[in-house]
Amino acid sequence: MRAHEAGALHGDIGSRPPWLRPPGDVNALVPQLWPRNVTRAADGALAVAGLDVRDLAAEYGTPVYVLDEDDLRSRCRDFRAAFPDADVYYAGKAFLCRAVVRMIAEEGLFLDVCTGGELATALSAGMPPERLGFHGNNKSVAELSRALDAGVGRIILDSFTEIDRLTALARERGVRPRVLIRVTVGVEAHTHEFIATAHEDQKFGFSLAGGAAAAAAFKVIDEDVLELRGLHSHIGSQIFDASGFEVSARRVLGLQAQIRDARGVELPELDLGGGFGIAYTTQDDPAAPHDLAKRLRKIVDGECAAEKLAVPHLSIEPGRAIVGPAVFTLYEVGTVKDVDGIRTYVSVDGGMSDNIRTALYDASYSATVANRASTAEPLLARVVGKHCESGDIVVKDEFLPADVQPGDLVAVPGTGAYCRSMASNYNHVPRPPVVAVRDGRARLIVRRETEDDLLALDVG
């Protein structure tokens, strides 16, 4: 069901998804859903990298995003090892702060930014500008100017207006920035309608079918101010099926051949984007990076052979696949309410202001009681937030112990991607902090907002 703005009566009252089964042990953790260093101790409390979540809650409060730093770093290394001859760009929109910029830089990744604010964060954290890619469908003159002055490594062109804008700025400065053209290849990945980004009716990129992509490439080549390095394609998010990448690669490499035949230029680079899925629930089965690499390389090699093209230097852009599984959100239960035997609502001290994805995308999550073990029977519950909104749902359906009670801690895994990035101050709720844990030590990397922060912006 989709969260309906008219309220929960428009939802699936009394039902549960068919894949969700009562667990044999309500305390058991499903390993693929959690950061690699999360365990349940003998007394039943969760620990991350050796730290008890009860201690984290006591020190930093709840809600709090908890980042397993070694998990994130190991996922960076997994992608680097799987794609040794490619550039792996971390998609900063998934979650970005200066500490994460430093982590991914230290692990040898590149970084994809898409706004002036993300660019500022990357530069302030010391990311080498030549390892940055700058996305966005409406980059301003100020943003493009800053990218040129900083020496950003790749600017991904998204419109004819942007080509003209960047060309004029480059001429003024006497520089020759390296650019890619974002191609809309007409492939709709098997994903939610609102996060599928490669079908024709969308705001991103140049249409392949309509000829705009070829025209954009010819314009950049003929004007000879910008250095066209290659083409870029991104087909969606939370993708598990490689068939979409196969169709996309075939079409974009067909355009590469068309450019070669028309202008005698064989572009040396190809960026296949990101969108690799992660496990939010037991129904999700993401591919390992080395499996992705094997399949993508086979696709590209085959299509290049068919088009008689040299194999271009590849780039990919995992974001969610790196940070998503590395983070869980820790909440405290405030109330437990049984509604006439229809549903039990477990209300926590956060909600749609720290995770809008359930309401926005009908996203599914899992949860567990984190501060203790329980011998109670499993209870089908809905974890909801504290906001004045019927659609304020964190976890639509989950089996929690029947004795879940106020004061319990509830942990929701898989919240590293887009939760803090899309967080808001709805109902004037300050946004939670982000705490990184490693080797038994915790450090604050994004502090909790305060009411003073909210009032500081209110100049009335």
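Visitor: Which residues does E317 touch, not counting residues up to four places away in sequence?
Guide: E317 touches Y89, A91, D112, H135, H232, D271, G273, G274 and G275. Touching, or contact, means heavy atoms within 4.5 Å. A word on the background: this is a predicted model, where local features need pLDDT of at least 70, side-chain atom pairs count only at pLDDT 80 or more, and totals for chains, interfaces and linings use all residues. Residues are numbered from 1 along each chain as its sequence is written, and side-chain values use heavy atoms, with hydrogens and water left out.

Visitor: Why is E317 called buried?
Guide: Buried means under 20% relative accessible area, exposed over 50%, and partly exposed in between (1.4 Å probe, protein chains only). E317 has a relative accessible area of 8%, so it is buried.

Visitor: What makes the E317 and H135 side chains a polar contact?
Guide: A polar contact is a pair of N or O atoms within 3.5 Å; within protein, one must be able to donate a hydrogen and the other to accept it, and residues adjacent in sequence count only if both atoms are side-chain atoms. The side chains of E317 and H135 make such a contact at 3.0 Å.

Visitor: Why is G319 called buried?
Guide: Its relative accessible area is 5%, so G319 is buried under the 20% cut-off. Leaving out residues up to four places away in sequence, G319 touches Y90, A91, A94 and G324.

Visitor: Why does T281 count as buried?
Guide: T281 has a relative accessible area of 1%, so the under 20% rule makes T281 buried. Beyond its neighbours within four places in sequence, T281 is in contact with W19, L33, S364, Y365 and S366.
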